[in-house]
Amino acid sequence: MFSRFPIIFRITLFGCIHMCAGNAAEVSHAPVWGVTLHHLRKELIGGAVATPAGGFQVPPDAASGLKKWWIPQVAAMGFKSPSMWEEHRLAIVGIFAVTVMQSTLIAALILNRSTRLRAERAVAEGNERMNLAARAANLGMWGWDVAGDDAWMTEQARSMFGIKQDVRIDYAALLDRVHPEDRWDRERAIRTALDTHGEYEMEYRIISPEGKVRWVSARGRCVASPNGRGQKLLGVSMDVTARKELEMESAQQRQDLGHLSRVALMGEMAASLAHELNQPLTAIVTNARAAQRFIARGEVDPHELGETLEDIVVDGRRAGEVIRGIKSMVRKADIDRNVLDANQLIENVVRLVRGDALAHGCNLSTERDARPALLMGDAIQLQQVLLNLVINAFDAMSHPRCNPCRVDIGSRRTNDGEIEISVRDFGPGLSPEISTKIFDRFFSTKTEGMGIGLSIARSIVEAHGGSLGVSHPEGGGARFWFTVPAYVENNEEVAV
Amino acid sequence: MNGPLVCIIDDDASIRRSLMRLFRSAGIQAEEFETARGYLERAVHSGPSCLVLDVGMPEITGLDLQQMLCESRRQEQVIFITGKGDIPMCANAMKAGALDFLPKPFDDVELLAAVERAFQRSGERLSAKAECEEACRRVATLTLRELQVLHRVVAGKLNKEIAAELGTALKTVKVQRGRMMEKMGVLSVAELVLRAQQAGVAPVTGS
């Protein structure tokens, strides 16, 4: 086994060294069990001189030093050059470990990168889909960092607002685009959303750079900013110009229909109105002629004359009221909110229909609360509703001849704080099937009726926040009623 | 109060007031009523009377009232005033005996003229009625025989014929005739005939 080495010494398990006395020994490096040659060398070799063969010559006088070590003299020492591994084990392990770690790290990084790339691709794909969807739906997406006053907008949003691609957007830039009339309301909606950390929903007009007006419907949500400071408002906006235009057109048509129905009503009442004007006119002329006769007879009593003139003035004004009533019924007007007294409304309408009542052989009776019943609404429109109901009542009682021939018009305050105005007739009443259909557009029980009166009446009342209905009271006939919220002073809603 | 009286019936207060003033300025006695019912509750006026009546009134209309008066054979003359005059309404009213039909606003001169005409006619009717009543009263005072003689005298029969029909003597007939004429307050046969007609006595012809 030692043939591989230049045996100089023999080693036993005890680590003994045999040395040839007197000879120069070549010592080469070898790990000795339990003792390293390094130690040995230090002790033994001392002044050893390296030989070209790679060993050491131990000077004879150093041989005695060998005995220091407990190495029996028969021991042979084998020696092998330590391998790289043996010599630099730690370093190698260390390097290996480092290499392994580095490899692991690199692998992890590569893996991470590929995962990230995949994720990025997924995100990009998702974004692309979203953009496609947004473009298809004409949605613009935006986000506004409140603290930094910085907003981002998708391409779609930018083009909606007419802002160039690379221009920085801040609150002021957006506000600039908003129609002046809508600015305040929009501002208020945004502020509310931010204060309540809630949702923002608003429809407003913008003016494009070319000066065209477009309608935008915006919806947003408040989120906390990622860096922990302040809030962000994120949302979508949609161009709803087409829808808005349709809405306005349909509202216009509804108004036209309302106007038409009013004109039709007025046509029906023309004869009645002529009569209403005739009464005061007749009285005026008769009074004036009487005064002239008194004067001609030389019987001038100033007191009497004064009374006569007073009567003339009163009747003149009465005629004026009727004219005003006609004009207000026919004039096209947008809904106009004022504080009204329900009793006054009733009086106005009664004045208009008195002649008609006589023509139908009906009595009109009014019943009301002594206190004024105040409500917020449009006088013209509500009078139109009441007029419609009253004329319907007359028609209901024309055939067959009714008993009693009376229409009761009343006003009262309901338990829910609303004002109710009702018209009750003593006609044949309504069957259950007709009761449900009667408010439908174009349904009419009259042969010449266009059937638009009650459905328009219902839309007017509902636009006022009330409701219109019919009931079947004891004693026969039908009772049409409508309610409108009562006017309450110092109510927040009134301020708007 | 026997003088001519005009009664105004209209549910419109200003028109009533103005009409009262007008009649006062023309020196005509007038009273006003808001409803037909109110007028019916008033005692019948003994002198010539005229109604200025609005057609369109609640409950009892002007035309209804005219109908009622006709049925009760009252003597008032009716003048209609109305804000809603249409031709059928007017025709019906006139056929039912109205004196005039004036749509509002009316001309006061026309109205006053109509009222005068109404008073005239009403006066005539009243006197005619009075005369009839008088004639009736007188006829009631006749005895049976006198009545029989009356019937035949107005039929144009000679005394001789009457005597033969009644089976009495000629002289008796002459006496009865004389008494009858006196009771009837007439001086000629012509007048007698008139009175007999007024009293609704029909001439008897044949035997």
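A salt bridge is a side-chain nitrogen of Lys or Arg within 4 Å of a carboxyl oxygen of Asp or Glu. The side chains of Arg406(A) and Asp408(A) meet in one, at 2.8 Å from N to O. Over all chains, the whole structure holds 40 salt bridges.

This is a predicted model, in which local features need pLDDT of at least 70 and side-chain atom pairs count only at pLDDT 80 or more, while totals for chains, interfaces and linings use all residues. Residues are numbered from 1 along each chain as its sequence is written, chains are lettered from A and ligands numbered from 1 in the order in which they are written, and side-chain values use heavy atoms, with hydrogens and water left out.

**The sheet in chain A**

- Helices (H or I, at least four residues) and strands (E, at least two) are DSSP runs, numbered from the N terminus.
- Two strands pair if DSSP finds at least two bridges between them.
- An open sheet of 5 strands runs in the order β12-β14-β15-β17-β16 (chain A), with mixed pairing.
- The edges are β12 (363–368) and β16 (467–471) of chain A; each has a single partner strand, so one side of each is left without a neighbour in the sheet.
- On average, neighbouring strands of this sheet are turned by 15° against each other, direction ignored.
- Strands of a sheet pair through backbone hydrogen bonds, either parallel or antiparallel.
- β16(A) and β17 (residues 479–485) of chain A run antiparallel and are joined by 5 bridges.
- Within β17(A), Thr483(A) is the residue opposite Ser467(A).

**Strand β15(A) and its partners**

- β14(A) and β15(A) pair in the antiparallel sense, over 7 bridges.
- These two strands, β14(A) and β15(A), form a hairpin with 4 residues between them.
- In the turn, Gly417(A) has a positive phi of about 75°.
- Asp408(A) stands opposite Arg424(A) in β15(A).
- β15(A) and β17(A) run antiparallel, joined by 7 bridges.
- Glu420(A) has Thr483(A) in β17(A) as its bridge partner.
- How many residues of β15(A) are buried? The count is 8 of its 8 residues. Buried means under 20% relative accessible area, exposed over 50%, and partly exposed in between (1.4 Å probe, protein chains only).
- In a regular strand the side chains alternate between the two faces of the sheet.
- In β15(A), Glu418(A), Glu420(A), Ser422(A) and Arg424(A) point one way, while Ile419(A), Ile421(A), Val423(A) and Asp425(A) point the other way.

**Helices on the sheet**

- Contact means heavy atoms within 4.5 Å.
- Axes are lines fitted to C-alpha atoms, for helices over the stretch in contact, and angles run from 0 to 180 degrees between N-to-C directions.
- Helix α10 (residues 342–359) of chain A packs on the sheet and touches β12, β14 (406–413) and β15 (418–425) of chain A. The direction of α10 makes about 175° with that of β12(A).
- Helix α13 (residues 453–463) of chain A lies across β16 and β17 of chain A, at about 130° to β16(A).

**Salt bridges within a chain**

- In the Arg406(A)–Asp408(A) pair, Arg406(A) is partly exposed at 30% relative accessible area, whereas Asp408(A) is buried at 18%.
- Arg188(A) forms a salt bridge with Asp185(A), with the closest N and O atoms 3.8 Å apart.
- Both Arg188(A) and Asp185(A) lie in helix α7 (residues 180–196) of chain A, 3 residues apart, about one turn of the helix.
- Arg188(A) is partly exposed at 48%, and Asp185(A) is partly exposed at 33%.
- In chain B, Glu191(B) forms a salt bridge with Arg195(B), the closest N and O atoms being 4.0 Å apart.
- Glu191(B) and Arg195(B) are 4 residues apart in helix α9 (residues 189–198) of chain B, so about one helical turn separates them.

**Where chain A meets chain B**

- The contact takes 22 residues from chain A and 26 residues from chain B.
- The buried area (the accessible area, 1.4 Å probe, that two parts lose on being put together, summed over both) is about 2200 Å² between chain A and chain B.
- Carbon and sulfur atoms give 50% of that area.
- Between chain A and chain B there are 8 salt bridges.
- One salt bridge joins Arg293(A) and Asp108(B), at 3.3 Å from N to O.
- On the side of chain A that touches chain B, α8 (241–296), α9 (302–330) and α10 of chain A each give two or more residues.
- The largest share of that side, 11 residues, comes from α8(A).
- A network of salt bridges links Glu304(A), Glu307(A), Asp311(A), Arg17(B), Arg21(B) and Arg24(B).
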